[in-house]
Amino acid sequence: MNTTKDDNNLKEPVKLRYKALKDGNQSIYLDCYVNGVREYKFLSLYLRPESNRENKLWNREQLRLANAIKAQYIIDIQNGEYGFKDRNRSRKLNFITYCEAMAAEYDANGQNSCAVLMRSAIKRMTDYKGKNITFNHIDKDFLIGFIEYLNSDIRDFDKAAKDKNRKPKPLSNVYKEALFARIMVALNKAERDGIILKNPGKDIDRKLKPHSEQKTRCYLTLEEIQKIIETEYKPDNDIKPAFLFCCFSGLRYSDVSKLTWKEITVSQDGYAQIETTMQKTGKSITIPISDNAMKWLPEREGNLPESRIFYKLPDQVNNADVRLRTLIKKAGISKHVTFHTARHSFATLTLTYGADLYTVSKLLGHANIRTTQVYAKIVDESKRKAVNLIPKL
């Protein structure tokens with residue numbers, strides 16, 4: 001067995017380990033070290049030799065499951081160590097450790113952007129008050145102090161570290177809003193877990209919380225989508241078909257990039273539909289596939305049910321956006337188009353052509369219809385502009 005020496009200073013109490021098997025596979029297990037006791041947990045998961053694409057996809061899924069189990073096990077250890085059911089003791093739980101476990105869970109679920117943002121929020125929080133922050137420390141005044149810290153003259157060293165030629169700039173309002181939102185998500189989860197009675201951030205006046213100007217959402221008209229359809233684009237990737245599929249289905253990039261053939265099902269009425277779990281929210285959703293969307297699904301050609309449909313897409317949406325810009329430029333469209341523009345376009349088009357707000361909200365998987373109302377305002381504005389195009393008589 002591939003184990004390591006007892007090491008009391010592990011950064012995390014649980015690590016993934018692998019044991020070689022006689023058939024060439026590797027069994028995955030957890031190496032747990034808690035309160036001076038080492039324990040091994042075998043997961044009934046294993047890795048195959050990466051000799052073909054099918055095995056690589058299999059290994060990716062096995063590791064995703066293993067990391068999800070690991071993240072939950074870390075939380076379970078904290079539950080046992082701090083006694084969450086005893087609220088006086090549970091509030092002594094380290095808030096930073098709790099947030100780090102959430103970031104690990106995001107990673108395990110493929111929610112990379114959420115994980116990155118959570119770790120950035122953790123960094124800002126530790127810069128503000130250090131690493132030894134317990135739930136006892138966090139009250140309304142503590143959070144207002146954190147907001148004031150974000151609004152102070154601190155710099156965005158994260159982006160500067162990636163680009164040596166870039167000078168650190170003050171945090172943007174959008175970034176501050178996103179960082180504080182992650183802290184609120186963690187506190188809301190702690191409230192649901194019974195660690196705290198109430199998220200103290202709920203008592204803070206909305207005017208005090210970081211907020212940014214509402215951006216105008218870029219979307220494409222039907223005529224612009226038609227231009228993209230007619231534009232020749234033949235590099236060895238799935239950018240064009242995946243983007244157009246999103247325009248007619250409303251999927252996010254995180255969902256279309258992981259979409260598998262087994263998630264394309266047939267309804268009781270005999271119509272094709274998507275049954276998937278959204279990466280961003282973890283919410284299960286069923287979306288009918290229109291004829292327009294069906295045109296952009298590639299031929300299955302005997303691919304396994306677990307195979308990704310658009311398997312040539314880059315793992316990161318930023319890389320996909322760079323390639324998408326080439327297509328948009330060739331189509332003669334001057335708008336700043338990203339992959340998420342497809343989702344905005346789907347929402348505005350369905351509302352423009354008569355769908356009701358509630359239905360569009362369900363198709364997009366929005367938890368709150370107020371989120372969908374933004375698109376209704378865009379459609380109303382377009383209608384006002386359209387009627388004003390008629391010359392005055």
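1. Ground rules. The model is predicted, so local features need pLDDT of at least 70 and side-chain atom pairs count only at pLDDT 80 or more, while totals for chains, interfaces and linings use all residues. Numbering runs from 1 along each chain as its sequence is written, and side-chain values use heavy atoms, with hydrogens and water left out.

2. H3 against H7. Two packed helices are described by the angle between their axes and the distance between the axes. Here the axes of H3 (residues 95-108) and H7 (residues 173-192) come within 11 Å and cross at roughly 100 degrees. Axes are lines fitted to C-alpha atoms, for helices over the stretch in contact, with angles from 0 to 180 degrees between N-to-C directions. That makes the pair roughly perpendicular (65 to 115 degrees; under 35 is roughly parallel, over 145 roughly antiparallel, the rest oblique). On the H3 side the contact (heavy atoms within 4.5 Å) uses Phe95, Tyr98, Cys99, Met102 and Tyr106, and H7 brings in Arg182, Ile183, Val185, Ala186, Leu187, Lys189 and Ala190. By class, the residues of this contact come out as 10 nonpolar, no polar and 2 charged. Helices (H or I, at least four residues) and strands (E, at least two) are DSSP runs, numbered from the N terminus.

3. H14 and its ends. In H14 (residues 357-364), the buried residues are Val360, Ser361, Leu363 and Leu364 (buried means under 20% relative accessible area, exposed over 50%, partly exposed in between, with a 1.4 Å probe and protein chains only). Seen down the axis, the buried residues of H14 fall within an arc of 165 degrees, so they line one face of the helix; the arc is that of the directions from the helix axis to the C-beta atoms. Asp356 caps the N-terminal end, with a side-chain oxygen 3.1 Å from the backbone nitrogen of Tyr358. After H14 comes Gly365, with a positive phi near 75 degrees.

4. Across to H15. Thr371 sits in H15 (residues 369-387) and is partly exposed at 36% relative accessibility. Thr371 and Ser361 are 10 residues apart in sequence, and their C-alpha atoms are 8.0 Å apart.

5. Thr276. What does the side chain of Thr276 make polar contacts with? One partner is the side chain of Lys258, at 3.1 Å; another is the side chain of Glu263, at 2.8 Å. Thr276 belongs to strand E5 (residues 272-277) and is buried, with a relative accessible area of 4%.

Methods. Polar contact = N/O pair within 3.5 Å; in protein donor to acceptor, adjacent residues only side chain to side chain. Nonpolar A, V, L, I, M, F, W, Y, C, P; charged D, E, K, R; others polar.
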